[in-house]
Amino acid sequence: MAADSIAKRLKAPAVLARGRLADRAFYTATFIFAGLVLIIVAAIFIELVAMSWPSLIKFGPRFITSTAWDPVARKFGALPLIFGTVVSSTLALLLALPLGLGVAIFLSDIAPSWLKTPVGFLVELLAGIPSVVYGLWGIFVLAPVVMDHLAPWLNRYFGWLPLFKGASYGVGMLTAGLILALMVVPFITSVSREILMTVPRDQREAALALGMTRWEMIRYAVLPYGRVGIIGAAILSLGRALGETMAVTMVIGNTPKISASLFNPAYSMAAAIANEFTEASSPLYLSALIEVGLVLFGVTFIVNALARLLIWRVGGGRKRVRL
Amino acid sequence: MNTYDRRQLVSRVMLGLCVVCVVVVIAPLLLIIGYLIYQGISSINPALFTQMPKPVGETGGGMANAIAGSLLLLGLASCFGVVVGVMTGIYLAEFGDNRFGFFVRFFSETLNSTPSIVIGIFAYTIIVVPTRHFSALAGAFALGVIMVPIIARTTEDMIRLVPTSLREASLALGVNKWRTIFRVVLRTASPGILTGIMLALARAAGETAPLLFTAFGSRFWTLSVNEPISSLPVQIYTYAISPYEDWHRQAWAGALVLIGIVVLMGLAARFLAAKSSLVRGARRR
């Protein structure tokens, strides 16, 4: 009786109900915002398809197999752009993978602890430099060095390869690949470092106890254990390189031609969009550029999904390794 | 040379090569920073921050409008990015251990690795096309979308670090779940969340590609969200690819300012992370 009246006076059920309602409302609010992330990604895809529809209809699959990118003649074949993106990114990955992995091994297994923090910080700083600053440095410092020193040297000793034929004007595929390599090294390093950290200490100690040298330990006990994750790191960096825009635009030369020599100017998908989007004079032109964006989105989506699945698998769910 | 010596030698050489890798990676960084300071420092003067760009051919002038524009864009972008990012992070940490949470997490990471120029096209199609003109709003929206996944991820990670006992203590006192999250969990995690916001801002501050055809650029002073607006990265890009010596000089100075802003934000993020008892606790564990 008494307890009942107190409860009545406190309006306990009403308070509780209001509390429950507030909790539900809060849950719904966070749910909506989380859903917004899904909606944004879906909307990006839908908008890209919708806006590139005229071009999708007109060119069909020829869009990605035709080599003529000629806005004046209203011919849009994206193959030279795809070629430039793929070659510059692959070149970047070939250069950056051993470098990044070396740094990761240094940070996880070699460096004395007082050196780990500053080196780690510097590598992070490299990741923090804006793309446009890389581009600026690429135009005024790296491109002249490539033209005057690197290209002639490569031509003299490896000129028999079609890759290093002819002269370089500074800007071109090689310069773009070098800048990109520099930009993706930090990603490879930080992901593979995380992966190497997940290799159990026992694994290392067992290897050393068997009488292995430190390198043999890394080579036979640490790297194989982290192999899948490192492949994931490489693919993730490839995704980064494929979508990189400003630095590439500034040093690749912006010429939609396919040529074997890395010295020649080339073009990439992202660079074409950045350069020509505001100049697109006809709806078809704009639509073709957006279709380039669609291809770019599709490719990076697949590449990243692949990388993430690999990394999540070795990272033991999503708890240990995230990037 | 016997086997043992050879193995030791191989080991030394390979470990040495790893050190060489570090040098090869760090050297360009120092070269870039050094060259930037060498080229830019002489042009860092009050005019850079207070004056407007001069017409082609006249030397001097500054980037006042671009710096103000960048700040405006970042401010607007945060309004969108911080709200969506933090709320998404809360969802993922508190209610996200289900299939929907997995998808949100996966798509958030997808968004994080979507090329920024594609996000620029997206902002173009949903803001510039309907309104028929470039605007600061479109640029800020693009930057906001870029910020969301970074903030969502750090928020989730930081909230997950808050000890369950703290949560249970609050719930045991009869506090609602949402109030527990706001008053106890978020407050405990706030330095970490701020770290995420700073990182996202640092990333957005340097983005050029998504602004090229959304915020576009302008040679005039404007703080209207409905007009094209200049920004520091776009201004650097325009100046860098121009044929004028004096503009190149300003591009270097602008790049130095931009790097300064980005590094300051990065340092602030590190400082906040170091101050956070949560992160320190997690590291000790």
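Predicted model: local features only at pLDDT ≥ 70, side-chain atom pairs only at ≥ 80, totals over all residues.
1. How many helices and strands does the secondary structure of chain B come to? It comes to 11 helices and 0 strands. Read from the N terminus, the order of elements in chain B is simply α-α-α-α-α-α-α-α-α-α-α.

2. On confidence, the model scores ipTM 0.90 and pTM 0.90. For chain B, the mean pLDDT is 89, and 97% of the residues in that chain reach 70 or more.

3. Chain A is the one with some strand in it: 13 helices and 2 strands. Its radius of gyration is 26 Å, well over the 20 Å that the globule rule gives for 323 residues, so chain A is more spread out than a compact globule. The C-alpha trace of chain A spans about 100 × 70 × 35 Å along its principal axes. For chain B, the corresponding spans are about 70 × 70 × 35 Å.

4. How is chain A divided up? There is a domain 1 (2-51) and a domain 2 (55-314). Over C-alpha atoms, the centres of these two domains of chain A are 43 Å apart. As for what joins them, 5 residues of domain 1 of chain A are in contact with 5 residues of domain 2 of chain A. On the domain 1 side of that contact, the residues are 5 nonpolar, with no polar and no charged.

5. Chain B also gets two domains in its assignment, domain 1 (3-43) and domain 2 (46-284). Here 32 Å separate the domain centres, again over C-alpha atoms. In chain B, 6 residues of domain 1 are in contact with 8 residues of domain 2. By class, the side of domain 1 of chain B that touches domain 2 has 3 nonpolar and 3 polar residues, and no charged ones.

6. Now the interface between the chains. Here 67 residues of chain A are in contact with 68 residues of chain B. Which element gives the largest share of chain A's side? That is helix H2 (residues 12-51) of chain A, with 19 residues. The whole of chain A's side splits into 46 nonpolar, 14 polar and 7 charged residues.

7. On burial, 48% of the 323 residues in chain A are buried, and in chain B 51% of the 285 residues count as buried. Contacts reach well along the sequence too. Of the contacts in chain A between residues at least 6 apart, 75% join residues at least 24 apart. For chain B, residues 24 or more positions apart account for 74% of the contacts with a separation of 6 or more.

8. Last, the core. The largest nonpolar core has 191 residues, and those with the most contacts inside it come from both chains: Ile179(A), Val184(A), Ile188(A), Val251(A) and Ile273(A), together with Ile236(B) and Ala255(B). What does Ile179(A) touch, leaving aside its neighbours within four places in sequence? Its partners are Tyr134(A), Gly138(A), Leu142(A), Ala247(A) and Val251(A). Val251(A), then, is a contact of Ile179(A) and is itself listed with the residues that have the most contacts inside the core.

Terms used: Residues numbered from 1 in each chain as written. Chains lettered and ligands numbered in written order. Domains from an automatic or database assignment. Contact = placed C-beta atoms within 7 Å. Nonpolar A, V, L, I, M, F, W, Y, C, P; charged D, E, K, R; others polar. Helix = DSSP H or I, 4+ residues; strand = E, 2+ residues; numbered from the N terminus. Buried ≥ 20, exposed ≤ 12 C-beta atoms within 10 Å, placed from the backbone. pLDDT = per-residue confidence, 0-100. Rg over C-alpha atoms; globule rule 2.2 N^0.38 Å. Core = buried A, V, L, I, M, F, W, Y, C linked by C-beta atoms within 7 Å.
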